[in-house]
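This report describes a protein model from its coordinates. The sequence and the structure are shown first.

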Amino acid sequence: YSFGATVSIPLWTETWQPDSFYAKIAQNRSIGLHTLCLLDIKVKEQSEENILRGVQKYEEPRFMTIKVCVEQLLAIEREKKQNVYDEQTKCVGLARVGSKTQQIVYATMNELLSIDFGAPLHS
């Protein structure tokens, strides 16, 4: 397999929805390369409110799921309309790779939205 640049997909917030990785995905696809998407993990993170108050309280760990990643990717494509991918684009969803409960699924982006990949970590 031929892989291009790897990208990290961050969990969005209400006020922060970056999409800089979209250009790398587009570039990889334009030259026929696959893209490995690393999904965000939030461990030992503080809320904006606690940072502003100077409170050393950490949020519960959060791990991006394949479903959330696909939803965000499709939202970016709907906004940018560059036809880099769509709901019928085939992808591979990976969960807990290397463990006894690993899951590997090849499906369209739309199909991946309805698959339960179980516990983290996903890619």
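This is a predicted model: local features need pLDDT of at least 70, side-chain atom pairs count only at pLDDT 80 or more; totals for chains, interfaces and linings use all residues.

Residues are numbered from 1 along each chain as its sequence is written, and side-chain values use heavy atoms, with hydrogens and water left out.

**Nonpolar core**

In soluble globular proteins, nonpolar side chains tend to be buried together. A nonpolar core is here a set of buried Ala, Val, Leu, Ile, Met, Phe, Trp, Tyr and Cys residues joined through side-chain atoms within 4.5 Å. Buried means under 20% relative accessible area, exposed over 50%, and partly exposed in between, with a 1.4 Å probe and protein chains only. The largest core has 24 residues, and Ile9, Phe21, Ile25, Leu39, Leu73, Tyr85 and Leu112 touch the most other members. Two or more residues each come from S1, H1, S2, H3, strand S6 (103–108) and H4. H3 gives the largest share, six residues. Helices (H or I, at least four residues) and strands (E, at least two) are DSSP runs, numbered from the N terminus.

Leu73 is in contact (heavy atoms within 4.5 Å) with Ile9, Phe21, Ile25, Tyr85 and Met109, if residues up to four places away in sequence are not counted.

**Helix H1**

Phe21, Tyr22, Ile25, Ala26 and Asn28 are the buried residues of H1. Viewed down the helix axis, these residues fall within an arc of 165 degrees, so they line one face of H1; the arc is that of the directions from the helix axis to the C-beta atoms. The cover over the buried residues of H1 includes strand S1 (7–9), strand S2 (37–39) and H3. Gln27 and Ser30 are exposed and sit on the face of H1 turned away from its buried side. After H1 comes Gly32, with a positive phi near 75 degrees.

**Aromatic pair**

Rings of Phe, Tyr and Trp (its six-membered ring) pair if their centres lie within 6.5 Å; planes under 30 degrees apart count as stacked, over 60 as edge-to-face and the rest as tilted. By this rule there is one aromatic pair. The ring centres of Tyr22 and Tyr85 are 5.8 Å apart and their planes stand at 65 degrees, so the pair is edge-to-face. Tyr22 belongs to helix H1 (residues 21–30) and Tyr85 to the loop between helix H3 (66–80) and strand S5 (90–95), so the pair ties together parts that are 63 residues apart in sequence. Tyr22 is buried, at 2% relative accessible area, and Tyr85 is buried at 6%.

Gln72, in helix H3, is buried with a relative accessible area of 6%. The side chain of Gln72 reaches the backbone nitrogen of Trp12 at 3.2 Å. Apart from neighbours within four places in sequence, the contacts of Gln72 are Ile9, Pro10, Leu11, Trp12 and Met64.

Met109 lies in helix H4 and is buried at 2% relative accessible area. With neighbours within four places in sequence left aside, Met109 is in contact with Val70, Leu73, Leu74, Tyr85, Asp86, Glu87, Thr89 and Cys91. Met109 and Asp86 are 23 residues apart in sequence, and 7.3 Å separates their C-alpha atoms.

**Cysteines**

With a disulfide taken as a pair of cysteine sulfur atoms within 2.5 Å, the whole structure has zero disulfides. From the sulfur of Cys37, the closest cysteine sulfur, in Cys69, is 5.4 Å away, too far for a bond. For Cys91 the closest cysteine sulfur is in Cys37, at 7.7 Å, also too far for a bond. Cys37 is buried at 17% relative accessible area, whereas Cys91 is partly exposed at 23%.

**Backbone**

The peptide bond from Pro120 to Leu121 is cis, with omega near 10 degrees. Leu121 is in the segment after helix H4 (109–112).

Notes
A polar contact is a pair of N or O atoms within 3.5 Å; within protein, one must be able to donate a hydrogen and the other to accept it, and residues adjacent in sequence count only if both atoms are side-chain atoms.
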